Amino acid sequence: MKRIVSIQDISCFGKCSLTVALPITSAMGIETCVIPTAVLSTHTGGFTGYTYRDLTCDIADISRHWKSINLEFDAVCTGYLGSFEQIKLVSEFFDNFKTDNNLLIVDPVMGDKGKFYAGFTNEFASEMHKLCQKADVILPNLTEAALLLGEEYVGSGYDEDFIKDMLIRLSKIGSKIVVLTGVSFNENSQGVMSYNSETKEFFSYFSDNIPGYYHSTGDVFSSTLAGALVKGFDMGKSVKIAVDFTVDCIRHTIGYEKEHWYGVKFEECIPDLIEMIK
């Protein structure tokens, strides 16, 4: 059985981070281990008064224990990391658990729509850049790509050559594969473009652009993509599975935005995901 470890926070209520990653990759038939970086009563998007407990001090102890019992992973995946110290500890985890056969997958969660998420700065982006140097696969959106490159955000009006050039420059940070999300060349479609720096191949896959904002879609996409890669699908097929499943989750949520404003109804779509990977 394949094995993934996911390193990110967990919300006791809400649909993001480990609350999404654990059920999705488990449903894909992958043994899923977790290192929670923090525990929150709810996620932070739209909620107020939530509790927050920082678990940074536990990361190194978990890592040492796992190393002592010779655990190995087919992939190490990171999502939201909330501090410089957490990036440092994850970097050390990469050093301790990297093998010739596994994947280090970094979703450099920092911002969206041209802005940092609350609490993040250019200094944080510089540290995330260092972590991406160690990754095999990075999954930035357009905002995070601009932050990693130290450039102004361009959210529209670009063409395919612009995105290809950005992908090549992102790959020079150090990762073999770059997957850029939220790419749209017209108002009717949105999707993903990727680049393999070893083969020099580009791949793109687009679906309908569905109006509105749906929490947790980024975590759904990154978890599904990581699972597909670990299952042995090539990048093109993995991206297609991840995009199709994410869109499936959004479509199941349309009409229920009032009740499920805090996240897509991905649980109802897991049977579809299992069919996709057969």
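Predicted model: local features only at pLDDT ≥ 70, side-chain atom pairs only at ≥ 80, totals over all residues.

Guide: Start inside. The largest nonpolar core has 40 residues, and Val5, Phe93 and Met128 touch the most other members. Helix α3 (residues 84–97) gives the most to this core, with six residues. A separate core has 38 residues, including Ala75, Tyr205, Val264 and Ile270.

Visitor: What does methionine 128 touch, leaving out residues up to four places away in sequence?

Guide: Methionine 128 touches Ile87, Val106, Pro108, Val109, Met110 and Leu148.

Visitor: What makes the radius of gyration of the protein agree with a compact globule?

Guide: The protein has 278 residues, and a compact globule with that number would have a radius of gyration near 19 Å. The protein has 18 Å, so the two agree. The C-alpha atoms fill a box of roughly 50 × 45 × 40 Å along the principal axes. Nine helices and 11 strands make up the count of elements. Of the 278 residues, 50% count as buried.

Visitor: Why is isoleucine 30 called buried?

Guide: Its relative accessible area is 3%. Buried means under 20%. Isoleucine 30 therefore qualifies as buried. Its place is in the loop between α1 (18–27) and β2 (31–42). Leaving out residues up to four places away, isoleucine 30 touches Lys2, Arg3, Ile4, Thr25, Gly227, Val230 and Lys231.

Visitor: How do you know that aspartate 74 and lysine 2 meet in a salt bridge?

Guide: Their N to O distance is 3.9 Å. The cut-off is within 4 Å, so the pair counts as a salt bridge. Aspartate 74 lies in the loop between α2 (56–68) and β4 (75–78), and lysine 2 in the segment before β1 (3–13), so the pair ties together parts 72 residues apart in sequence.

Visitor: Why is aspartate 74 called partly exposed?

Guide: Aspartate 74 has a relative accessible area of 25%. Buried is under 20% and exposed is over 50%, with partly exposed in between. So aspartate 74 is partly exposed. Lysine 2, with 39%, is partly exposed too.

Visitor: What makes lysine 176 and glutamate 198 a salt bridge?

Guide: Their closest N and O atoms are 3.6 Å apart. That is within the 4 Å cut-off. The pair links distant parts of the chain, 22 residues apart. Lysine 176 is in the loop between α6 (160–171) and β9 (177–186), and glutamate 198 in the loop between β10 (189–196) and β11 (201–208).

Visitor: Why is glutamate 198 called exposed?

Guide: Its relative accessible area is 58%. Exposed means over 50%, so the label holds for glutamate 198. Lysine 176, at 33%, counts as partly exposed.

Visitor: How do you know that arginine 251 and aspartate 208 meet in a salt bridge?

Guide: The N to O distance is 2.9 Å, and the cut-off is within 4 Å. Arginine 251 lies in helix α8 and aspartate 208 in strand β11, so the pair ties together parts 43 residues apart in sequence. Arginine 251 is partly exposed, at 41%. Aspartate 208 is partly exposed, at 48%.

Visitor: What makes aspartate 248 a buried residue with no salt bridge?

Guide: The nearest side chain of opposite charge is arginine 251, 6.7 Å away. Aspartate 248 lies in helix α8 (residues 235–253). Beyond four places in sequence, aspartate 248 touches Cys269 and Asp272.

Visitor: Why is cysteine 249 called buried?

Guide: Cysteine 249 has 0% relative accessibility, and buried means under 20%. Cysteine 249 also lies in helix α8. Apart from neighbours within four places, cysteine 249 is in contact with Val220, Val264, Lys265, Phe266 and Cys269.

Visitor: How do you know that cysteine 33 is too far from the closest cysteine sulfur for a bond?

Guide: That closest sulfur, in cysteine 77, is 11 Å away. A disulfide needs sulfur atoms within 2.5 Å, so cysteine 33 and cysteine 77 are too far apart for a bond. A search of the whole structure finds zero disulfides. Cysteine 16 is in none, and the nearest cysteine sulfur, that of cysteine 12, is 11 Å away.

How values were computed. Residues numbered from 1 in each chain as written. Heavy atoms only, no water. Helix = DSSP H or I, 4+ residues; strand = E, 2+ residues; numbered from the N terminus. Buried < 20%, exposed > 50% of the residue type's maximum accessible area, 1.4 Å probe, protein only. Lys, Arg positive; Asp, Glu negative; His and termini not counted. Contact = heavy atoms within 4.5 Å. Core = buried A, V, L, I, M, F, W, Y, C linked by side-chain atoms within 4.5 Å. Rg over C-alpha atoms; globule rule 2.2 N^0.38 Å.
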